[in-house]
Amino acid sequence: MKKGLLILVAVLGLGFAANAQNWIGVRGVLGSSKGAELSFQHGLNANNRLELDLGWNIGKKHEDNYNYYNLSAVYQWMGGIVDNLGWFAGVGANVGIWSGYNDGNIGLGFLAQAGLEYNFQAVPFQITLDFRPQWDVLGAASGFGYAGALGIRYRF
């Protein structure tokens, strides 16, 4: 299943690569769980974009170790604050697989995201700081969760 999610992200990424305003990078995640995500952003127009994140979270819940592999898709609205500093907010969905916590369970959730981003002028890099509350409606750990993340992306 992990390979399937990776292939899906790669195919979607290649399909979106024709547009010039694309970003690829990583997000370090802390909150209800800990982990990292490969992150891809595709600009739809000057004020909207789609973010796809392929992540793996490693954490503790109810004194049991577990792993969670997920794919998130978020539609985002963006705006400027000053110079290269901007804000973004969005809504989306998440699907994932639990390992080590009711093994074999698939999770499905809905999420929101809000954050700040800084786009460097001299180099094609972006740094983001965001907050992402999530409500899992299906799966072994259904319920409310949250995460904050620090991201760094490269524009291509």
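**View 1. The order of elements along the chain.** From the N terminus on, the elements run α-β-β-β-β-β-β-β-β, so you can look for one helix and eight strands (DSSP runs, with helices being H or I of at least four residues and strands E of at least two, numbered from the N terminus). This is a predicted model, where local features need pLDDT of at least 70 and side-chain atom pairs count only at pLDDT 80 or more, while totals for chains, interfaces and linings use all residues. Residues are numbered from 1 along each chain as its sequence is written, and side-chain values use heavy atoms, leaving out hydrogens and water.

View 2. F40 belongs to strand β2 (residues 34-43) and F156 to the segment after β8 (143-155), 116 residues apart. F40 is buried at 8% relative accessible area, whereas F156 is partly exposed at 38% (buried is under 20%, exposed over 50%, partly exposed in between, with a 1.4 Å probe and protein chains only).

View 3. Y75 is partly exposed at 32%, and W77 is partly exposed at 39%.

**View 4. R49 over a ring.** The charged end of R49 sits over the ring of F88, 5.2 Å from its centre (NZ of Lys or CZ of Arg must be within 6 Å of the ring centre and within 35 degrees of the ring normal).
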